[in-house]
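Work through the exercises below with the sequence and the coordinates at hand. Each task is followed by a solution in steps.

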Amino acid sequence: MAMNRVKFGDNRLADYINSLSPLMADRLGEFQQSAYNEGLPIIKRDVANFLATMIVTKQPRNILEIGCAVGFSSALFAKFMPEDGKITTIDRYEYMIKRAKQNFDLLGIADKISIIEQCASLVLPRLTSEDAKFDFIFMDCGKGQYLHFLPYCLQMLKSGGLFVTDDVLQNGDVALEFAEITKRQRTTYKNMREFLATSTSLEGFVSSILPIGDGLLIIARE
């Protein structure tokens, strides 16, 4: 007798996977749950657990984050990276920066994190010109900017380093035909499609797109 199989993309499968993705422990988990309750823009539970696994595995000492929001991702990195590790995070929104600083103070990790309070479009060229290098780069900012920020991030990524970007599948919109995209979203759609096509065909790098959360792209420098 034929059986109805649960396919990827089915909400039941996503719900089941999330049920196996616990919140972080202790105060970080309380921060995480509070952010979800408020509807704040932080990474999803399955993405958080995946990134924690990556940080534990790679043990990066110098992390760059583009898009700090209220600071959950930076706090996650700080928990699992080496004790002497440092995080540089970029954000331009005063409200988010204020909340992030409060959270870092409450978690006792403010000494590990430097916040650059400026638009990433100005910061990234400056960091690149200063020959800044990072073991791990995480980008979770305006999706239409991913394509423009890509060259700077690749230049700053150390050999063997990882560059991870969140929300690259855009709730599945990247798979739609151009005519199906609403006019106000078409520029972001085109930029994301070009970003993905470029990112997955880079010489000297290997990459993979993972359908967890709303899609992660991982690029590793050979």
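**Exercise 1.** Does aspartate 131 count as buried or exposed, and at what relative accessibility?

Solution. The model is predicted, so to speak of local features a pLDDT of at least 70 is needed, side-chain atom pairs count only at pLDDT 80 or more, and totals for chains, interfaces and linings use all residues. Residues are numbered from 1 along each chain as its sequence is written, and side-chain values use heavy atoms, with hydrogens and water left out.

Step 1: apply the classes, where buried means under 20% relative accessible area, exposed over 50%, and partly exposed in between (1.4 Å probe, protein chains only). Step 2: aspartate 131 has 52% relative accessibility and therefore counts as exposed. Step 4: check the backbone; phi of aspartate 131 is near 60°, a positive value in a residue other than glycine.

**Exercise 2.** How many aromatic pairs does a search of the whole structure find? Describe two of them.

Solution. Rings of Phe, Tyr and Trp (its six-membered ring) pair if their centres lie within 6.5 Å; planes under 30 degrees apart count as stacked, over 60 as edge-to-face and the rest as tilted. Step 2: the search returns four aromatic pairs. Step 3: one of them joins phenylalanine 31 and phenylalanine 72, edge-to-face, with 5.6 Å centre to centre and 80° between the planes. This pair links distant parts of the chain, 41 residues apart: phenylalanine 31 is in helix 2 (residues 26-38) and phenylalanine 72 in helix 4 (residues 72-80). Phenylalanine 31 counts as buried at 10% relative accessibility, and phenylalanine 72 as buried at 1%.

Step 2: tyrosine 146 and phenylalanine 195 also form an edge-to-face pair, with centres 5.4 Å apart and 65° between the planes. Tyrosine 146 lies in helix 7 (residues 146-156) and phenylalanine 195 in helix 8 (residues 186-199), so the pair ties together parts that are 49 residues apart in sequence. Both tyrosine 146 and phenylalanine 195 are buried. Step 5: look for linked rings; ring pairs join Phe77, Phe136 and Phe138 into a cluster.

**Exercise 3.** What is the count of disulfides, and how far is cysteine 68 from the nearest cysteine sulfur?

Solution. Step 1: a disulfide is taken as a pair of cysteine sulfur atoms within 2.5 Å. Step 2: the count comes to zero. Step 3: cysteine 68 is in no disulfide, and the nearest cysteine sulfur, that of cysteine 141, is 12 Å away. Cysteine 68 counts as buried at 3% relative accessibility. Step 4: cysteine 141 is in no disulfide either; its nearest cysteine sulfur belongs to cysteine 153, at 8.1 Å. Cysteine 141 is buried, with a relative accessible area of 18%.

**Exercise 4.** Where is glycine 204 found?

Solution. Step 1: glycine 204 is in the loop between helix 8 and strand 6 (205-210). Step 2: with a relative accessible area of 31%, glycine 204 is partly exposed. Step 3: glycine 204 and alanine 220 are 16 residues apart in sequence and 8.8 Å apart in space, C-alpha to C-alpha.

Notes
Helices (H or I, at least four residues) and strands (E, at least two) are DSSP runs, numbered from the N terminus.
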